[in-house]
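Colleague: I'd like to learn how to read the helices in a model like this one. Could you walk me through it?

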Amino acid sequence: DLHERCLKLSREVLGQRHPETLTSMNNLANSLRSLGDQRGAVELHQACLKMRMEVLGERHPRTLTSMNNLANNLYAMGDEEGAVELQRHCLQLRTEELGDRHPETLRSMNNLANSLR
């Protein structure tokens, strides 16, 4: 898969914790989810979120994207409680950082609403 190759090359060229390598990791996790590998996607999203928090900080937009993606995967795997908790946190941080009218804040609000149905 091209996402796997891209991640491998990014790790070799840029290093494991480079922001672009972490974007490649996030993209591979999204690809795994699309292919039905929920568990693999969750594991990769968890690793990506952990590293993004360490490298970029909890409030960075890319970190919040990882948080949102992990929450969506948790929900898809049936961990509704874990998903809602993470979605609430992501929504709070996006509201504080981006404002309540920003498209990413609205995406988080929509995801949380869907999970609470």
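Modeller: Gladly, and keep in mind that this is a predicted model. Helix 3, residues 38-55, has 18 residues and reaches 25 Å from its first C-alpha to its last, close to the 26 Å expected at 1.5 Å a residue.

Colleague: Which residues of helix 3 are buried?

Modeller: Here the cut-off is under 20% relative accessible area. The buried residues of helix 3 are Gly40, Ala41, Val42, Leu44, His45, Cys48, Leu49, Met51 and Arg52. These buried residues pack against helix 2 (19-34) and helix 4 (61-76).

Colleague: And what follows helix 3?

Modeller: Glycine 57 does, and its phi is positive, near 100 degrees. Helix 2 is likewise followed by a glycine with positive phi: glycine 36, near 95 degrees.

Colleague: How does the length of helix 2 agree with what 1.5 Å a residue should span?

Modeller: Helix 2 has 16 residues, so it should span 22 Å, and its end C-alpha atoms are 23 Å apart, which agrees. On burial, Thr21, Leu22, Thr23, Ser24, Met25, Asn26, Leu28, Ala29, Ser31 and Leu32 are the buried residues of helix 2. Their cover includes helix 1 (2-14), helix 3 and helix 4.

Colleague: Let's take a single side chain. Is asparagine 69 buried or exposed, and why?

Modeller: Asparagine 69 counts as buried because its relative accessibility is 13%, and the cut-off is 20%. Its place is in helix 4. Leaving aside residues up to four places away in sequence, asparagine 69 touches Asn26, Asn30 and His45. Two of those names have come up already: Asn26 is among the buried residues of helix 2, and His45 is among those of helix 3.

Colleague: Now a helix pair. At what angle do the axes of helix 5 and helix 6 cross?

Modeller: The axes of helix 5 (residues 80-98) and helix 6 (residues 103-116) cross at roughly 160 degrees and come within 9 Å. Angles over 145 degrees count as roughly antiparallel, so helix 5 is roughly antiparallel to helix 6. Helix 5 passes helix 6 in a left-handed crossing.

Colleague: Which residues meet in that pair?

Modeller: From helix 5 come Val84, Gln87, Arg88, Cys90, Leu91, Arg94, Thr95 and Leu98. They meet Glu104, Thr105, Ser108, Met109, Asn111, Leu112, Ser115 and Leu116 in helix 6. By class, that contact has seven nonpolar, six polar and three charged residues.

Conventions: Residues numbered from 1 in each chain as written. Predicted model: local features only at pLDDT ≥ 70, side-chain atom pairs only at ≥ 80, totals over all residues. Heavy atoms only, no water. Helix = DSSP H or I, 4+ residues; strand = E, 2+ residues; numbered from the N terminus. Expected span 1.5 Å × (residues − 1). Buried < 20%, exposed > 50% of the residue type's maximum accessible area, 1.4 Å probe, protein only. Contact = heavy atoms within 4.5 Å. Axes fitted to C-alpha atoms, helices over the stretch in contact; angles between N-to-C directions. Parallel < 35°, antiparallel > 145°, perpendicular 65-115°, else oblique. Left-handed = near helix turned anticlockwise from the far one by under 90°. Nonpolar A, V, L, I, M, F, W, Y, C, P; charged D, E, K, R; others polar.
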